[in-house]
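Hi,

Here's the structure I promised to pass on. Have a look at it first, then read my notes below.

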Amino acid sequence: MKATRKSRLPQSQKPEFELSFEFFPPKSEKAEERFWHSLEKLIPLAPKFVSVTYGAGGSTRERTLKMVSRIGSETGIDAAAHLTCVGATKDEINEVIRGYYDAGVRRIVAIRGDPVAGIGEKFTPHPGGYASSVDLVAGIKNIADFDVSVAAYPEMHPESTSWDEEIDNLKRKEDAGASRALTQMFFDNNDYWIFLERVEKAGIKFPIVPGIQPIHNFERISSFANKCGAKVPNWLAQRFEGLENDQGTHALVAASVAAEQVTELMDGGVTRFHFFTMNHAAQVMALARVLGQAKE
Ligand code: FAD
């Protein structure tokens, strides 16, 4: 039996056990089949909510709406729709928010979105649009009392120039009415623990839910991580070295890496987890078992 370490979670971060699952809106019929198949497998885990991402410039507007409405009406699970500020006026975004409300959606993951020119480029707000996620949270709350989640960055957002700026921005998101932050993927739990200390020191009270990225494809995930400012430690790269053409071993290594990560977080007192599923169920199912959350 594994010894339980003393909880490293500050008092303000002590929650009930909650899982949430992030999906992206499928593009084809075949992908949609996989979406529903994965979701059905995950439903018995009784997630707090299932979220569906939003293409930065509104490219998935209809598909996101369709998926969140169907999740709610067909599974009874709470669905959260992601929403970004990119490439639209406030009026246009408000219309999307009202569309979510009319479809019965009561949860939104409010994020700014990446610059149209790509991650790392300068972000220019759309003329007449919401300038940042803080503005967007306030705009959503103005329309209806949605449950709003926001993004947080244990390794700092690539555009932030200091930790003060980063944490101030997160505090503003809480003050604007967000209920929780979901973190960007991270692979070194120390980054999360140190981040929580900064959050605690700043008086931020809402939960900082770790975003867990199971590694379905190391090359793809590490390229995405690099783009969004999440580091891939050398030890992690070494574990996947030479496994490009060995799917079986790759999957086993990925499962053990993610199991180590969530076990350590749980041992440190974390009981809320947000999983980036990439529309696949198997790894998340296994991780839920590791967390003792498998349900009959
Ligand atoms: P913000 O909180 O607005 O901040 C971004 C940066 O701008 C920070 O460095 C902040 O300090 C700075 N900043 C904020 N306000 C100002 C200001 N007034 N002046 C100057 N600087 C300022 N992207 C998508 O396109 N679709 C999705 O569905 C999606 N889902 C996501 C889910 C999660 C859990 C996470 C972690 C990210 C997601 N993203 C998604 C990515 C997200 O859009 C990017 O990380 C984006 O670059 C930042 O979004 P944000 O909401 O954190 O931005």
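One term before we start: a residue counts as buried when its relative accessible area is under 20%. Also keep in mind that this is a predicted model.

With that cut-off, look at strand β8, residues 272-276. Arg272, His274 and Phe276 point one way from β8, while Phe273 and Phe275 point the other way, and all are buried. Because five of the five residues in β8 are buried, the strand is largely enclosed by the rest of the structure.

Which strands pair with β8? Strand β1 (residues 18-23) runs parallel to β8 and is joined to it by five bridges; one example is Ser20, whose bridge partner in β8 is His274. Strand β7 (residues 208-212) also pairs with β8 in the parallel sense, over two bridges. Here you can find Ile212, which has Phe275 as its bridge partner in β8.

Now the ligand. There are 22 residues around it, and Tyr54, Asp114, Ser133, Tyr153 and Ser160 come nearest. By class, this shell has eleven polar, six nonpolar and five charged residues.

A few distances are worth checking on screen. Ser133 has a polar side-chain atom 2.7 Å from an oxygen atom of the ligand. On its own the ligand exposes 990 Å², and the protein buries 80% of that. The elements giving two or more residues to the shell are α5 (163-175) and β6 (180-185).

Cheers

How values were computed. Residues are numbered from 1 along each chain as its sequence is written. This is a predicted model: local features need pLDDT of at least 70, side-chain atom pairs count only at pLDDT 80 or more; totals for chains, interfaces and linings use all residues. Side-chain values use heavy atoms; hydrogens and water are left out. A residue is near a molecule or strand if one of its heavy atoms lies within 4 Å of it. A polar contact is a pair of N or O atoms within 3.5 Å; within protein, one must be able to donate a hydrogen and the other to accept it, and residues adjacent in sequence count only if both atoms are side-chain atoms. Accessible areas come from the Shrake-Rupley method with a 1.4 Å probe; for residues, only the protein chains shown count as cover. Helices (H or I, at least four residues) and strands (E, at least two) are DSSP runs, numbered from the N terminus. Ala, Val, Leu, Ile, Met, Phe, Trp, Tyr, Cys and Pro count as nonpolar, Asp, Glu, Lys and Arg as charged, and the others, Gly among them, as polar. Buried means under 20% relative accessible area, exposed over 50%, partly exposed in between (1.4 Å probe, protein chains only). Two strands pair if DSSP finds at least two bridges between them.
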